[in-house]
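I opened the structure today to look up a few residues and some helix packing. My entries follow in the order in which I made them.

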Amino acid sequence: MSYIVEINQLNKYFGQHHVLKDIDLQVETGEVVVIIGASGSGKSTLIRCINGLEEYNSGQLVVDERSLAPHGGNQKALNSIRKEVGMVFQQFNLFPHLSVRRNIMLAPMKVRNSNKDDATDTADRLLDRVGIGNQADKFPGQLSGGQQQRVAIARALAMEPRLMLFDEPTSALDPEMVGEVLDVMRELAREGMTMMVVTHEMGFAREVADRVIYIHEGRIVEQGPPDQVFDNPQNERTQAFLSRVLSH
């Protein structure tokens, strides 16, 4: 079994607040894992720990065979992990003073030491891939929210990551723009990209996930194939959560 993420007994605190509690999780290469749960349950904190944006307090975290130590230790491993893990956030975090093409070029130039010509080719290829090749010379402020999020996905892909993390990538979008971003993510899943996705889009989770994980108050209380989790949840907390979100 080839695991790109291995988490054992991971705990995370914010001061006295115990955010993640004894998390055990393995993610296979090529697997699409969708993480669901109420706001504040620890979903985003979990994936932020995976690429070191948050330091965890105890347990074990291995990403791409590199062990990331608690409390931000092992900076060499952290630097290596960040080269192999792309992340897309709720907010787009694009540089407003740079063109769309230049925003994407920064990743291969800084992470992969690509020259300018190669980085330009990479940016143009990825913009075509996410369906906005005709927007390369515009600035982020000239694009819709959905287009900006697709630029952010292209920028993450420019790192040639082995794992993509998505932290509620559609939550800041107007409803009519959600679909265009989810379409790009569906295509990545079909192409075999390893993905961990925090989302409230239950239809997307049912359609694309190999495995759905439900987190409640910092604990994984249920996980399994989408049909099992959505149609026959075993835990009463999962049942209560889904009855609320699926009835709207």
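Is D64 buried or exposed? I kept in mind that this is a predicted model, and I found that D64 is buried, with a relative accessible area of 13%. I placed D64 in the loop that runs between β4 (58-63) and β5 (66-67), and I noted that its phi is near 55°, a positive value in a residue other than glycine.

Next entry, on E160. I looked up its backbone and read a positive phi of about 55°, although E160 is not a glycine. E160 belongs to the loop between α5 (145-157) and β7 (163-167), and I recorded E160 as exposed because its relative accessible area is 55%, where the cut-off for exposed is over 50%.

Next entry, on α3. I started from V111, which sits in helix α3 (residues 100-111) and is partly exposed at a relative accessible area of 21%. Setting aside neighbours within four places in sequence, I listed K83, L106 and M159 as the contacts of V111. I also checked V111 against L143, and the two are 32 residues apart in sequence and 26 Å apart in space, taken from C-alpha to C-alpha. Just after α3, I noted that N113 takes a positive phi of about 55°.

Which residues of α3 are buried? I wrote down V100, R101, N103, I104, M105, L106, A107 and P108, and I saw that the cover over the buried residues of α3 includes α4 (116-129) and α5.

I then followed α3 to its contact with α5, where the axes come within 7 Å and cross at roughly 25°. The two helices are therefore roughly parallel, since angles under 35 degrees count as such. I recorded the crossing of α3 past α5 as right-handed. On the α3 side I found V100, N103, I104 and A107, which meet V151, A154 and R155 in α5. By class, I counted this contact of α3 with α5 as five nonpolar, one polar and one charged residues.

Next entry, on the packing of α5 with helix α6 (residues 175-190), where I read an angle of about 20° and axes 8 Å apart. This makes α5 roughly parallel to α6, and I noted that α5 passes α6 in a right-handed crossing. From α5, the residues G145, G146, Q147, Q149, R150, I153 and L157 meet M177, E180, V181, V184, M185 and L188 in α6. I divided the residues of this contact of α5 with α6 into seven nonpolar, four polar and two charged.

Why does R150 count as buried? I wrote that R150 counts as buried because its relative accessibility is 12%, and the cut-off is under 20%. The side chain of R150 reaches the backbone oxygen of V130 at 3.1 Å. Not counting residues up to four places away in sequence, I found R150 touching V130, G131, I132, E180, V181 and V184.

Terms used
Residues numbered from 1 in each chain as written. Predicted model: local features only at pLDDT ≥ 70, side-chain atom pairs only at ≥ 80, totals over all residues. Heavy atoms only, no water. Helix = DSSP H or I, 4+ residues; strand = E, 2+ residues; numbered from the N terminus. Buried < 20%, exposed > 50% of the residue type's maximum accessible area, 1.4 Å probe, protein only. Polar contact = N/O pair within 3.5 Å; in protein donor to acceptor, adjacent residues only side chain to side chain. Contact = heavy atoms within 4.5 Å. Axes fitted to C-alpha atoms, helices over the stretch in contact; angles between N-to-C directions. Parallel < 35°, antiparallel > 145°, perpendicular 65-115°, else oblique. Left-handed = near helix turned anticlockwise from the far one by under 90°. Nonpolar A, V, L, I, M, F, W, Y, C, P; charged D, E, K, R; others polar.
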